[in-house]
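Please read the numbered points with the sequence and the model at hand.

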Amino acid sequence: MAIAQFTLWGVQCQWLIARCVLDSSLFAPYLSHGKVLFKGSSTVSCLTTLLADTPMRICGRITKNGMKRGKAEGQGAHFLLYEHGEIRNVDSCLEQTLQVMGPGDLFVTGANALDAFGHAALLIGSSGGGGYGTCMPFLYTEGIRTLILTSVMKLIPGDLTRLNPQISRKKCDFSYGMACSLAPIPGEVLTEAQAIESYARVNALVFAKGGFSGAEASVAIQIEGEQEEVEKVLHLVEQIKALPSQPPVDADSLAECTYPCSGCSQHRSCAYANKQTIFHSIKMS
């Protein structure tokens, strides 16, 4: 048996998860015989870029200015459907796409929050949950398998089943950017450890997080297995470290919203738009 340790920071963790999932046995059957619906996130965009050279549009995001959305909708897809070897934008027909999906099909999403009990959730900044709000009833009722690709950096304290009802965009009085709620995601969480174990016959453990001097949001991982399998992972890690240091998302979606923007009518409590009910003056950095 051999043991190895390595560290990856932020975007490298996203690339790692995406690459391991793409090459895993759990993903292959859906590419061959089913439909795969991808929901835009930076990690999922890494996967669609590796799969079909198609980065995704990013909507909500956390930046140095708070919880923001893209400044413009852009032309990139926030929902992509892969079927019969082809990938296409289904933003304009999302509900119709979900209506013909079921057991044997796959939904792939990222997450904004993960707890120690295996629950995951997405931030919701618009009424009804936007595109994900359309997906939720189908994910809960139609037998569609869901994979949630997210780094352990999203791990939060507590139990999301108890936290979800307490976080309310409508009750919030002040927010740096749009106030958000949380929406649960029913499905299987794949963090760095689970993704690695789907890629190689090793045991993987995340044993530290942190970072300094450009390596913030780093994750320390230990793997153990036969030397050939450990070396397989280490070879992948070297490939990951050579990939771009920014996630491959649709370029038009990178700019964050500034007041006024197309989403202002739905955003609550945004102090940049003077929607707060607690007076506190702030500036966009």
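1. The buried residues of helix α3 pack against α1 (10-22), β2 (35-39), β5 (79-83), β7 (106-109) and β10 (145-149); contact here means heavy atoms within 4.5 Å. Helices (H or I, at least four residues) and strands (E, at least two) are DSSP runs, numbered from the N terminus.

2. The model is predicted: local features need pLDDT of at least 70 and side-chain atom pairs pLDDT 80 or more, while totals for chains, interfaces and linings use all residues. Residues are numbered from 1 along each chain as its sequence is written, and side-chain values use heavy atoms, with hydrogens and water left out.

3. Helix α3 spans residues 42-52, and its buried residues are Thr43, Val44, Ser45, Cys46, Leu47, Thr48 and Thr49. Buried means under 20% relative accessible area, exposed over 50%, and partly exposed in between (1.4 Å probe, protein chains only). After α3 comes Asp53, with a positive phi near 50°.

4. How do α1 and α8 cross? Their axes come within 10 Å and cross at roughly 130°; the axes are lines fitted to C-alpha atoms, for helices over the stretch in contact, with angles from 0 to 180 degrees between N-to-C directions. The two helices are therefore oblique to each other, given that angles under 35 degrees count as roughly parallel, over 145 as roughly antiparallel, 65 to 115 as roughly perpendicular and the rest as oblique. On the α1 side the contact involves Gln12, Trp15, Leu16, Arg19 and Cys20, and on the α8 side Leu236, Gln239, Ile240 and Lys241.

5. The whole structure holds 3 aromatic pairs. Rings of Phe, Tyr and Trp (its six-membered ring) pair if their centres lie within 6.5 Å; planes under 30 degrees apart count as stacked, over 60 as edge-to-face and the rest as tilted. One of the pairs is Phe174 with Tyr176, edge-to-face at 5.3 Å centre to centre and 80° between the planes.

6. Tyr176 also pairs with Tyr272: the ring centres are 6.5 Å apart and the planes stand at 75°, so this pair is edge-to-face. Tyr176 lies in the loop between α6 (160-163) and β11 (181-185) and Tyr272 in the segment after α8 (227-241), so the pair ties together parts 96 residues apart in sequence. Tyr176 is partly exposed, at 40% relative accessibility, whereas Tyr272 is buried, at 15%.

7. The charged end of Lys68 sits over the ring of Tyr272, 4.9 Å from its centre. This requires NZ of Lys or CZ of Arg within 6 Å of the ring centre and within 35 degrees of the ring normal. Likewise, the charged end of Lys232 sits over the ring of Tyr199, 4.7 Å from its centre.
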